[in-house]
Amino acid sequence: MKFIFERYSFNPKKNEAVFTYAHENGQKFTEVVSFAYGLDVNKFTLEQWDILDKALFLAFVLSGTSYWKAFPTRDVVLPINIDNWQASFFNKVYQEGMSQFAFENQLGRDSLAHFSAGSKGTQHATAQHGLRGEGILTLQSGGKDSLLTAYLLEKAGHDLYLPWHVSSVYGHFPEVLDKLSETMSTATRTIDSEALLEASRRGGLNGHVPVTYIVESLAIIQAILSGKSHIVVGIGDEGEEPHTHIGDLAVNHQWSKTWDAEVLLAQYVHRYISPDIQIGSPVRALSELRISELFANMAWERFGNGFSSCNRSNYTQGNMNEELQWCGKCPKCANAYILFAPFVAPYNLQELFGGDLFQDPELAQVFKGLLGVGGVMKPFECVAKTEELRKAYGMINFDGEGYAPLPFEVPNSNFNYNTMHDYQVWAYDLVKDALPKKA
């Protein structure tokens, strides 16, 4: 059986992209993405249309993970030929990026998609044109990393950036984003939920996809439509720690957030879309614990009562998530609670989470998984490294009045959360002058 990438198109009247896919078993899917209006696309030059077309193709293939997974197959068919570098790139997305899906559905690498270079037909040529754009588009979700990134951009003097959010409900975005200095812009991604339900009734599979890559590919399109040349995401040093392995395949919930994934995507953009488009994270050099400390010290007063990284409460398809919440029951909440507890007063943190999560017996196994205790597997979520979380836990003041210790022993850690990690120089340079100097 084959998975077929049928076609992608763009309607300039609606500022809308349409992606269509099919499985050989007859199941079809159509995804629609409505972008914010920016430049008049009817006045685009042929060079600008070429850049847009190449960006649409990237998003088309990456978004296909949402539908390929229903009936996973090695064989895939593209409407145009790709070269060896592109084939290797897409293989990483559909293998490393789908590793959690493979693990949860008991699949091996051989069962995942395998792209190959073509030799006939239309060739998707390498990037030929510059963008002639300027300015920054920054992805915003309402979580600490993206909000801190925007705050640092403002503090560094980049006060004309475009904050941008992808929603599943037209025009909706978290209210906390209204606290940014610039006016929000949104795009609406409408996945083919009905077709996915039909696929499920036919025995189709479900599971995690590399959503960060999907959103970033849509941001590239939005940047082109808005005349922006720099696409900024808020991702720290994370995602490097695999949960387990399937043979030579590392199982990683956060593959598309890793440093390697950031570099690969930037290389793809330069090779196949435009050498003038930059994409990356200004806070990539920072650990998650350092980001939490900076957010607590610099941005808590402004965003503390409105932000959230809890997927369960906020980030599901069709959810009206203007007012972000913390469920206080999931691994993402437990992870954030450990990271912020060294820097935020107990009353303020527990008001957000509905109590002291360390005292919730239902979360004991979650904390064991996060802290690497008792052989419990690390949960499949965007969470910090085990050693990093142990370090954070060891920094908490358990004075008997605010935070109560967990009912099990947590190993000590020598993790240095102030260590600088790999980063793209252009991205870090955007915010370095806004970062406090460590003594």
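Is Cys 327 buried, partly exposed or exposed? Cys 327 comes out as partly exposed, with a relative accessible area of 23%. Keep in mind that this is a predicted model. Here are my notes.

1. **Cysteines.** If you were hoping for disulfides, a search of the whole structure finds zero of them. For Cys 327, the closest cysteine sulfur is that of Cys 330, 3.6 Å away, and that is too far for a bond, because a disulfide here needs the two sulfur atoms within 2.5 Å. Cys 382 is buried, at 14% relative accessible area. Its closest cysteine sulfur also belongs to Cys 330, but at 11 Å, again too far for a bond.

2. Nine strands make up an open sheet with mixed pairing, in the order 4-1-2-3-7-6-5-8-11. The edges are strand 4 (75–77) and strand 11 (278–280); each has a single partner strand, so one side of each has no neighbour in the sheet. On average, neighbouring strands are turned by 20° against each other, direction ignored.

3. Strand 5 (residues 136–139) runs parallel to its partner, strand 6 (residues 162–167), and the two share three bridges. Leu 137 has Leu 162, in strand 6, as its bridge partner. Helix 1 (residues 46–63) packs on the sheet, where it touches strands 1, 2, 3 and 7. The direction of helix 1 makes about 145° with that of strand 1 (2–11).

4. **Nonpolar cores.** The largest core has 75 residues, and the ones with the most contacts inside it are Phe 5, Phe 57, Phe 89, Phe 90, Phe 115 and Ile 273. Helix 1 gives the largest share of this core, 10 residues. Take Phe 89 as an example: leaving aside neighbours within four places in sequence, it is in contact with Leu 58, Leu 62, Tyr 213, Leu 264, Leu 265 and Tyr 268. Another core lies apart from that one; it has 71 residues, including Trp 300 and Leu 371.

5. **Thr 20.** This residue sits in strand 2 and is buried, with a relative accessible area of 10%. Beyond the residues within four places in sequence, its contacts include Phe 5, Phe 29 and Phe 60, and also Glu 6 and Arg 7. Glu 6 and Arg 7 turn up again with Lys 28, the three being linked in a network of salt bridges.

6. The whole structure has 19 salt bridges. In one of them, the side chains of Glu 96 and Arg 109 meet at 3.3 Å, N to O. Glu 96 is in the loop between helix 3 and helix 4, while Arg 109, 13 residues apart from it, is in the loop between helix 4 and strand 5. Both residues are buried. Arg 284 and Glu 262 form another, with their closest N and O atoms 2.7 Å apart. Arg 284 is in the loop between strand 11 and helix 9 and Glu 262 is in helix 8, so this pair ties together parts 22 residues apart in sequence. Arg 284 and Glu 262 are both buried too.

7. **Asp 360 and Lys 329.** These side chains meet in a salt bridge at 2.7 Å, N to O. The pair links two loops, one between helix 12 and helix 13 (Asp 360) and one between helix 10 and helix 11 (Lys 329), 31 residues apart. Asp 360 counts as buried at 14% relative accessibility, whereas Lys 329, at 39%, counts as partly exposed.

Technical notes
Residues are numbered from 1 along each chain as its sequence is written. This is a predicted model: local features need pLDDT of at least 70, side-chain atom pairs count only at pLDDT 80 or more; totals for chains, interfaces and linings use all residues. Side-chain values use heavy atoms; hydrogens and water are left out. Two strands pair if DSSP finds at least two bridges between them. Helices (H or I, at least four residues) and strands (E, at least two) are DSSP runs, numbered from the N terminus. Axes are lines fitted to C-alpha atoms, for helices over the stretch in contact, and angles run from 0 to 180 degrees between N-to-C directions. Contact means heavy atoms within 4.5 Å. Buried means under 20% relative accessible area, exposed over 50%, partly exposed in between (1.4 Å probe, protein chains only). A nonpolar core is a set of buried Ala, Val, Leu, Ile, Met, Phe, Trp, Tyr and Cys residues joined through side-chain atoms within 4.5 Å. A salt bridge is a side-chain nitrogen of Lys or Arg within 4 Å of a carboxyl oxygen of Asp or Glu.
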